[in-house]
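Work through the exercises below with the sequence and the structure side by side. Try each task before reading its solution.

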Amino acid sequence: DIIPQPLLDQYLSMTDPARAQTVDTEIAKHCAYSLPGVALTLGRQNWHCLKDTYETLASDVQWKVRRTLAFSIHELAVILGDQLTAADLVPIFNGFLKDLDEVRIGVLKHLYDFLKLLHADKRREYLYQLQEFVVTDNSRNWRFRYELAEQLILILELYNPNDVYDYLRHIALTLCSDKVSEVRWISFKLVVAILQKFYANSANALGLNFINELVVRFRHCSKWVGRQAFAFICQVGMFSLSLFLCVYG
C-alpha cells in the first residue's frame, strides 16, 4: 500500500550477484546508499521486507558496499527504533567494528549517534571494544585516531565516572602520546573533558587520581614533548583544571 510491489521487487533484486555482473558493478553500492530512504518510506513495521537485503549487503565482498552501510547505520537505527536495532542492527554493527579501516571509519564517525540509541546495559558492552579503535591497519592513518578522540568527547556523557575512569581514561592517555600533533591536541581536549566529567559528578577521588597520573606521566616526563603535553593540557582546560586543583589539590 506504500509503494508498488513491482518497484520494491526491482529494488530488492539489486543485490543479485548475476545482475551486478551483467548490469552494473556498482549497483549493490547504490542499493546500500538508498536503503535508509527506502526503510524510512516503508516504516519500521515493514522492516521485514528489507532485513534479508540489508544482511546481504552487509556481507558483500566489496568493501565499498559495507562502508556505505557503516556510514548510515546510525540513521537506520533511528528509523527502526531500539528493539529492532538491538535485534537486527547490533550484530551487523559488531561486524563492521572488526572490518577494514575503510569500513570501521563509517561506524567511528557516528559512534556516539549509534551508542546513544542503545539501552544502557547494551551500551556498556562496548566500553572494552572502544580501545580497539586505537589500533589501525595503517599506523599512518592518524585521522582515524583523531576521529576517535572527537567521538570520545561526546561519548563521555553516556557513561558514569567509574566507567570513564576504568576504560576511557586509558585511551585518552594513549592518544595524548600519539606521534601526530593533531591527534595529541584533540586528545588534550579529551583529557580536560574527562576531568570536567569527574568534577560535574562530584567524583573527587577519581579526579585527583587522574590529575596525579597526568603529573607523573607528563609533568615529570624525561622527554620535553611529555612536559609540553602537560602545559598544553593546562592551557586547554585553563579554567576547569585550575578550579579543580584549587578545590581538591
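**Exercise 1.** In what order do the elements of the protein run from the N terminus on?

*Solution.* Begin with the ground rules: this is a predicted model, in which local features need pLDDT of at least 70 and side-chain atom pairs count only at pLDDT 80 or more, while totals for chains, interfaces and linings use all residues. Residues are numbered from 1 along each chain as its sequence is written, and side-chain values use heavy atoms, with hydrogens and water left out. Helices (H or I, at least four residues) and strands (E, at least two) are DSSP runs, numbered from the N terminus. Read in that direction, the elements run α-α-α-α-α-α-α-α-α-α-α-α-α-α, and the secondary structure comes to 14 helices and 0 strands.

**Exercise 2.** Find where the confidence of the prediction is lowest and where it is highest.

*Solution.* The lowest confidence belongs to helix α14 (residues 238-248), with a mean of 52, whereas the highest belongs to helix α7 (residues 111-115), at 96. Where pLDDT is low, the predicted coordinates should not be read in detail.

**Exercise 3.** Compare the span of helix α11 with the span expected for it.

*Solution.* The expected span is 1.5 Å times one less than the number of residues in the helix. Helix α11 (residues 181-200) has 20 residues, and the 29 Å from its first C-alpha to its last is close to the expected 28 Å. Just after α11, Ser202 takes a positive phi of about 55 degrees.

**Exercise 4.** Explain why helix α6 is described as largely enclosed by the rest of the structure.

*Solution.* For the protein as a whole, buried residues make up 45% of the 249 residues.

**Exercise 5.** Describe the largest pocket and the place of Arg145 in its lining.

*Solution.* On a 1 Å grid over the protein atoms alone, a cavity is a set of points where a 1.4 Å probe fits but cannot get out, and a pocket is an open set with protein on both sides within 12 Å along at least five of seven lines; lining residues have an atom within 4 Å of a point. Grid points are joined across faces, edges and corners, and a volume is the space filled by probe spheres set on the points. The largest pocket holds about 210 Å³ of space, and its lining includes Val134, Thr136, Ser139, Arg145, Asp178 and Val180.

Next, turn to Arg145, which lies in helix α9 (residues 142-155) and counts as buried because its relative accessible area is 7%. Contact means heavy atoms within 4.5 Å. Not counting residues up to four places away in sequence, Arg145 touches Val134, Thr136, Ser139, Leu175, Asp178, Val180 and Val183.

Note on methods: pLDDT is the predictor's confidence in each residue, from 0 to 100. Buried means under 20% relative accessible area, exposed over 50%, partly exposed in between (1.4 Å probe, protein chains only).
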